[in-house]
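Okay, thanks for having me, everyone. I'd like to walk you through a structure, so let me put it up on the screen.

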Amino acid sequence: MVVASPTQIHGERLMAIELPVIDLSGERSTVSNLIVKACEEYGFFKVKNHGVSQDIIAKMENESFSFFAKPFDEKQKAGLANSFGYGCKNIGFNGDIGEVEYLLFNTNPLSITERSKTISNDPTKFRQVLTPFPPRLLHSLTISSAMSGYIEAVRGLACELLDLMAEGLWVPDRSVFSRLIRDDDSDSILRLNHYPPMPLLCKDKDSSSPCNHSKVGFGEHSDPQILTILRSNDVGGLQISLNDGAWVPVTPDPTAFCVNVGDLLQAMTNGRFVSVRHKALTNSYKSRMSMAYFAAPPLDARIAVPPEMVTPIKPALYRPFTWAEFKKTVYALRLGDSRLGLFRTQ
Ligand code: GA4
């Protein structure tokens, strides 16, 4: 791990470190130990030789680019800003705002089957359909074949990583985490984010020094689900927060996936893995595009720690809860609010 000296930019301490890069083609037990170490120390790591074909990624990225290149009113037809569908600047339901436009999709395989009936040959034609699965949100989108191929591939990667984590943690039931994602009722989602270029702003108009205030694309938060598999183009912007409050910029690498622990995985590992806060800043002259797969369990899944991870020395940190209960709390709060603390046993 390379740790360079911290730099101070406009009051914010930035630390230049590189996240662990884990080569999935390595020897299995070595790989699983490296993953566990990264999840404990950083809650974030990158994977290479991940098995997701560049063709699948490129097709998905092209579709996303052509969608975001459309005129605003056409994009708006793709759905509602406050449920699944297209959104611009507004994040969640409680007034959070960022310099981002996005598409949110429910990746439930049953909904995909339903949606694929309406797949169009024009990949830019995402349009709204009604999902027949109450009590989920009613609005959903058609999913193209490139998108379902991508979702399948990243779901497979998420499951493989979760199995490696269980192995590295010596949990006897090796599919204890991945089972939740493989479930047909998994509440996993895919988010496509587009951060348009934002010219740098200067707070002090009279200052002669160069301006360097990147705008916040997606504010500081932790991911509520189990695991996030993020892929971005070659434009940086993602930063993660270290314990001491320093922000670490993550170097973009379009050939790798950036993986991070979500709140549920922190709870299911009894706090051994950390769900780390992160944010995305805009670039002053280039578009940043990211595609995040948030691997989540079914709504009625009970989130609990495998019994082997609870000992008299390390008693259960969180009470058992369902994903539905946790998700309700997440959506009742602001983006940057901490939620896991509300589920602690003591
Ligand atoms: C953060 C991670 C995912 O992007 C997301 C976000 C969700 C949303 O945009 O609708 C939330 C945010 C995220 C956490 C707090 C709540 C919910 C916006 C918000 C203010 C889709 C998710 O699952 O949680």
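**Around the ligand, then the helices**

So, let's start with the ligand: the shell around it is made up of seven nonpolar, three polar and four charged residues. Just keep in mind that what you're looking at is a predicted model. In the shell we have 14 residues, and the closest ones are I91, G92, D96, D223 and L335. If you're looking for where the shell comes from, β9, at 189-195, gives at least two of its residues, and so does α8, at 323-332.

Okay, on to the helices. You describe two packed helices by the angle between their axes and the distance between those axes.

Take helix α1, residues 28-41, and helix α5, residues 145-168. What angle do α1 and α5 pack at? It's about 90°, with the axes 8 Å apart. Angles of 65 to 115 degrees count as roughly perpendicular, so that's what we call α1 relative to α5. On the α1 side, the contact uses V31, S32, N33, I35, V36 and C39, and α5 brings L161, L164, M165, E167 and G168. By class, that's seven nonpolar, three polar and one charged.

Now α5 again, this time with helix α2, residues 54-68. Their axes come within 9 Å and cross at roughly 130°, so these two are oblique to each other. The crossing of α2 and α5 is left-handed. Here α2 puts in I56, K59, M60 and E63, while α5 puts in A146, M147, G149, Y150 and A153. That contact splits into six nonpolar, one polar and two charged residues.

Terms used:
Residues are numbered from 1 along each chain as its sequence is written. This is a predicted model: local features need pLDDT of at least 70, side-chain atom pairs count only at pLDDT 80 or more; totals for chains, interfaces and linings use all residues. A residue is near a molecule or strand if its C-beta atom, placed from the backbone, lies within 6 Å of it. Helices (H or I, at least four residues) and strands (E, at least two) are DSSP runs, numbered from the N terminus. Ala, Val, Leu, Ile, Met, Phe, Trp, Tyr, Cys and Pro count as nonpolar, Asp, Glu, Lys and Arg as charged, and the others, Gly among them, as polar. Axes are lines fitted to C-alpha atoms, for helices over the stretch in contact, and angles run from 0 to 180 degrees between N-to-C directions. Angles under 35 degrees count as roughly parallel, over 145 as roughly antiparallel, 65 to 115 as roughly perpendicular and the rest as oblique. A crossing is left-handed if the near helix is turned anticlockwise from the far one by less than a right angle, and right-handed if clockwise. Two residues are in contact if their C-beta atoms, placed from the backbone, lie within 7 Å.
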